[in-house]
Amino acid sequence: MNIYYEKGKMMMNMTEEYNRLIGKRVKMQRISAKVSQTELAKELGVTQTHLSNIENGRAGLTIPNLIKLHQILECPISSFFVDIEGEKEADNSSDITLENVMELARLLKKARA
(Lines give C-alpha, C1' and ligand atoms only; values in the text may rest on other atoms or scores of the structure.)
Protein backbone atom coordinates (compact mmCIF):
# COMPACT_ATOMS: atom_id res chain seq x y z
CA MET A 1 0.00 0.00 0.00
CA ASN A 2 2.76 2.43 0.88
CA ILE A 3 4.57 1.68 -2.40
CA TYR A 4 1.39 2.41 -4.39
CA TYR A 5 1.04 5.71 -2.54
CA GLU A 6 4.63 6.60 -3.30
CA LYS A 7 4.17 5.70 -6.98
CA GLY A 8 1.02 7.81 -7.09
CA LYS A 9 2.84 10.65 -5.41
CA MET A 10 5.70 10.32 -7.87
CA MET A 11 3.27 10.34 -10.82
CA MET A 12 1.62 13.47 -9.41
CA ASN A 13 4.99 15.22 -9.10
CA MET A 14 5.90 14.24 -12.68
CA THR A 15 2.57 15.55 -13.97
CA GLU A 16 3.01 18.83 -12.10
CA GLU A 17 6.52 19.18 -13.52
CA TYR A 18 5.31 18.50 -17.07
CA ASN A 19 2.51 21.06 -16.61
CA ARG A 20 5.05 23.62 -15.42
CA LEU A 21 7.47 23.03 -18.29
CA ILE A 22 4.80 22.93 -21.00
CA GLY A 23 3.16 26.02 -19.50
CA LYS A 24 6.42 27.93 -19.81
CA ARG A 25 6.67 26.90 -23.44
CA VAL A 26 3.09 28.02 -24.11
CA LYS A 27 3.92 31.41 -22.61
CA MET A 28 7.13 31.66 -24.67
CA GLN A 29 5.27 30.87 -27.90
CA ARG A 30 2.51 33.36 -27.05
CA ILE A 31 5.02 36.11 -26.34
CA SER A 32 7.00 35.27 -29.49
CA ALA A 33 3.79 35.59 -31.50
CA LYS A 34 3.14 38.97 -29.81
CA VAL A 35 -0.29 37.85 -28.62
CA SER A 36 -1.70 38.99 -25.30
CA GLN A 37 -3.05 36.53 -22.78
CA THR A 38 -6.51 38.03 -23.21
CA GLU A 39 -6.45 37.63 -26.99
CA LEU A 40 -5.15 34.07 -26.87
CA ALA A 41 -7.62 33.01 -24.18
CA LYS A 42 -10.49 34.35 -26.27
CA GLU A 43 -9.31 32.54 -29.42
CA LEU A 44 -8.67 29.38 -27.43
CA GLY A 45 -12.12 29.53 -25.84
CA VAL A 46 -10.94 29.62 -22.22
CA THR A 47 -10.84 32.32 -19.57
CA GLN A 48 -7.76 34.47 -19.14
CA THR A 49 -7.43 33.00 -15.64
CA HIS A 50 -7.38 29.46 -17.03
CA LEU A 51 -4.74 30.39 -19.62
CA SER A 52 -2.68 32.03 -16.86
CA ASN A 53 -2.98 28.81 -14.82
CA ILE A 54 -1.78 26.77 -17.83
CA GLU A 55 1.18 29.10 -18.38
CA ASN A 56 2.11 28.91 -14.69
CA GLY A 57 1.77 25.12 -14.49
CA ARG A 58 -1.24 25.16 -12.18
CA ALA A 59 -3.48 23.62 -14.86
CA GLY A 60 -2.77 21.02 -17.48
CA LEU A 61 -3.12 21.52 -21.20
CA THR A 62 -5.65 19.28 -22.92
CA ILE A 63 -4.82 17.76 -26.27
CA PRO A 64 -7.63 19.65 -28.06
CA ASN A 65 -6.27 22.92 -26.61
CA LEU A 66 -2.72 21.92 -27.55
CA ILE A 67 -3.88 21.48 -31.14
CA LYS A 68 -5.72 24.83 -31.05
CA LEU A 69 -2.62 26.57 -29.67
CA HIS A 70 -0.53 25.06 -32.46
CA GLN A 71 -2.99 26.43 -35.02
CA ILE A 72 -3.55 29.85 -33.42
CA LEU A 73 0.14 30.56 -32.74
CA GLU A 74 1.19 28.95 -36.05
CA CYS A 75 3.97 26.96 -34.42
CA PRO A 76 4.81 23.26 -34.54
CA ILE A 77 3.33 21.12 -31.78
CA SER A 78 6.89 20.12 -30.91
CA SER A 79 7.64 23.70 -29.84
CA PHE A 80 5.73 23.02 -26.63
CA PHE A 81 8.08 20.13 -25.84
CA VAL A 82 11.56 21.38 -26.84
CA ASP A 83 14.17 22.78 -24.47
CA ILE A 84 12.77 25.87 -22.73
CA GLU A 85 16.09 27.69 -22.31
CA GLY A 86 16.59 27.66 -26.08
CA GLU A 87 19.96 25.93 -25.73
CA LYS A 88 18.96 23.37 -28.31
CA GLU A 89 17.10 24.16 -31.49
CA ALA A 90 14.31 21.84 -32.54
CA ASP A 91 15.28 19.55 -35.39
CA ASN A 92 12.38 19.30 -37.85
CA SER A 93 13.38 15.74 -38.70
CA SER A 94 12.36 14.76 -35.15
CA ASP A 95 9.19 16.88 -35.06
CA ILE A 96 6.53 15.54 -32.72
CA THR A 97 3.45 14.53 -34.66
CA LEU A 98 -0.17 14.55 -33.60
CA GLU A 99 0.05 10.75 -33.48
CA ASN A 100 2.94 11.03 -30.99
CA VAL A 101 0.87 13.32 -28.79
CA MET A 102 -2.13 10.98 -28.94
CA GLU A 103 0.07 8.00 -28.00
CA LEU A 104 1.50 9.97 -25.06
CA ALA A 105 -2.03 10.77 -23.90
CA ARG A 106 -2.99 7.08 -24.07
CA LEU A 107 0.09 6.11 -22.05
CA LEU A 108 -0.58 8.78 -19.41
CA LYS A 109 -4.20 7.62 -19.14
CA LYS A 110 -3.03 4.02 -18.61
CA ALA A 111 -0.53 5.16 -15.98
CA ARG A 112 -3.28 6.89 -13.99
CA ALA A 113 -5.46 3.77 -13.95
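The chain contains 5 helices and 0 strands, where helices (H or I, at least four residues) and strands (E, at least two) are DSSP runs numbered from the N terminus, and its pattern along the sequence reads α-α-α-α-α. The model is predicted, so that local features need pLDDT of at least 70 and side-chain atom pairs count only at pLDDT 80 or more, whereas totals for chains, interfaces and linings use all residues. Residues are numbered from 1 along each chain as its sequence is written, and side-chain values use heavy atoms, with hydrogens and water left out.

Of the 113 residues, 27% count as buried, that is, under 20% relative accessible area with a 1.4 Å probe, protein chains only. Leaving aside residues up to four places away in sequence, L73 touches Q29, R30, A33, V35, L40 and F80, contact meaning heavy atoms within 4.5 Å.

Helix α2 packs against α3 (residues 48–55) at an angle of about 105 degrees, with the axes 8 Å apart; axes are lines fitted to C-alpha atoms over the stretch in contact, and angles run from 0 to 180 degrees between N-to-C directions. The helices α2 and α3 are therefore roughly perpendicular, a term covering 65 to 115 degrees. Their contact involves Q37, T38, L40, A41 and L44 of α2 together with Q48, L51, S52 and E55 of α3.

How values were computed: Buried means under 20% relative accessible area, exposed over 50%, partly exposed in between (1.4 Å probe, protein chains only). Angles under 35 degrees count as roughly parallel, over 145 as roughly antiparallel, 65 to 115 as roughly perpendicular and the rest as oblique.
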